[in-house]
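Here is a short report for a reader new to this structure. Please look at the model first, then read on.

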Amino acid sequence: MNRLPGDAENAHSSSLGSCPSLRDVHTINPTQLMARIESYEGREKKGISDVRRTFCLFVTFDLLFVTLLWIIELNVNGGIETTLEKEVLQYDYYSSYFDIFLLAVFRFKVLILAYAMCRLRHWWAIAFTTAVTSAFLLAKVILSKLFSQGAFGYVLPIISFILAWIETWFLDFKVLPQEAEEENRLLLAQDASERAALLQRGLLSDGQFYSPPESVAGSDEESEEKQDSEKPVV
């Protein structure tokens, strides 16, 4: 008979001990998770990430900068019309800068098509353009007579080579890793929000079998009074 009150108290304490955990779980609010998911989805809806847009701007800068240097070279060597006819219509691999300009156009078209229009998430396109650029410039520097034509014989090949490798570094170390990290964050946030929603649904269904702490305390007091009245009077 004396064990019953102790068992009732243990059951009551266990039920009360479980109540704070229920309250703590109910305080889980997926609002922040949903806000993060919406922000990530908003970036996806833009069609192109900020870091990829920066890369495309740099590719455009590459083309414009090489074009500007080539136009300056045309003006320095006797006027645009005369030098343009000499370098384009009378193209000579050993003395013309026109092929370096075409190399910049080639890089621009391939990279914009691959990473802006097709939104490619691999490095093979930038590896192809950089390999072609490096091989062509090395062969031209070794075989041509550009160094005998003044400062532009050094500037244009070096600038083109440096810009091509900067584009490779930026894509491989900035664009692709950052986009992969954002995608992983989106997947983790979606998984966490789904788990929180399922957990709350389970707690709501289980909570229907629990009575409030006040009713539990009242029932314990009534049971103790009944037990005291049932005790024999000595």
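## Where α5 meets α6

In this predicted model, helix α5 makes contact with helix α6. The α5 side supplies D99, I100, L103, F106, R107, V110, L111, A114 and Y115. Facing them in α6 are W124, A125, I126, F128, T129, V132, T133, F136, L137 and K140. By class, this contact holds 14 nonpolar residues, 2 polar ones and 3 charged ones.

How do the two helices lie? Two packed helices are described by the angle between their axes and the distance between those axes. Helix α5 spans residues 98-117, and helix α6 spans residues 124-143. Their angle is about 175 degrees, and their axes are 9 Å apart. Angles over 145 degrees count as roughly antiparallel, so α5 is roughly antiparallel to α6.

## A nonpolar surface patch

The surface carries a nonpolar patch of about 1200 Å². Its residues are Y94, L138, I142, L143, F147, Y154, V155, I158, F161, I162, W165 and I166.

Helices α6 and α7 each supply at least two residues of the patch. Helix α7 covers residues 152-207. It gives the most to the patch, with 7 residues. Y154 is one of the patch residues, and Y154 is found in α7.

## Salt bridges

The count of salt bridges comes to 6.

Conventions. Residues are numbered from 1 along each chain as its sequence is written. This is a predicted model: local features need pLDDT of at least 70, side-chain atom pairs count only at pLDDT 80 or more; totals for chains, interfaces and linings use all residues. Side-chain values use heavy atoms; hydrogens and water are left out. Axes are lines fitted to C-alpha atoms, for helices over the stretch in contact, and angles run from 0 to 180 degrees between N-to-C directions. Helices (H or I, at least four residues) and strands (E, at least two) are DSSP runs, numbered from the N terminus. Angles under 35 degrees count as roughly parallel, over 145 as roughly antiparallel, 65 to 115 as roughly perpendicular and the rest as oblique. Contact means heavy atoms within 4.5 Å. Ala, Val, Leu, Ile, Met, Phe, Trp, Tyr, Cys and Pro count as nonpolar, Asp, Glu, Lys and Arg as charged, and the others, Gly among them, as polar. Patches are made of residues with over 30% relative accessible area and no salt bridge: like charges are joined within 9 Å, nonpolar side chains (Val, Leu, Ile, Met, Phe, Trp, Tyr) within 5 Å. Accessible areas come from the Shrake-Rupley method with a 1.4 Å probe; for residues, only the protein chains shown count as cover. A salt bridge is a side-chain nitrogen of Lys or Arg within 4 Å of a carboxyl oxygen of Asp or Glu.
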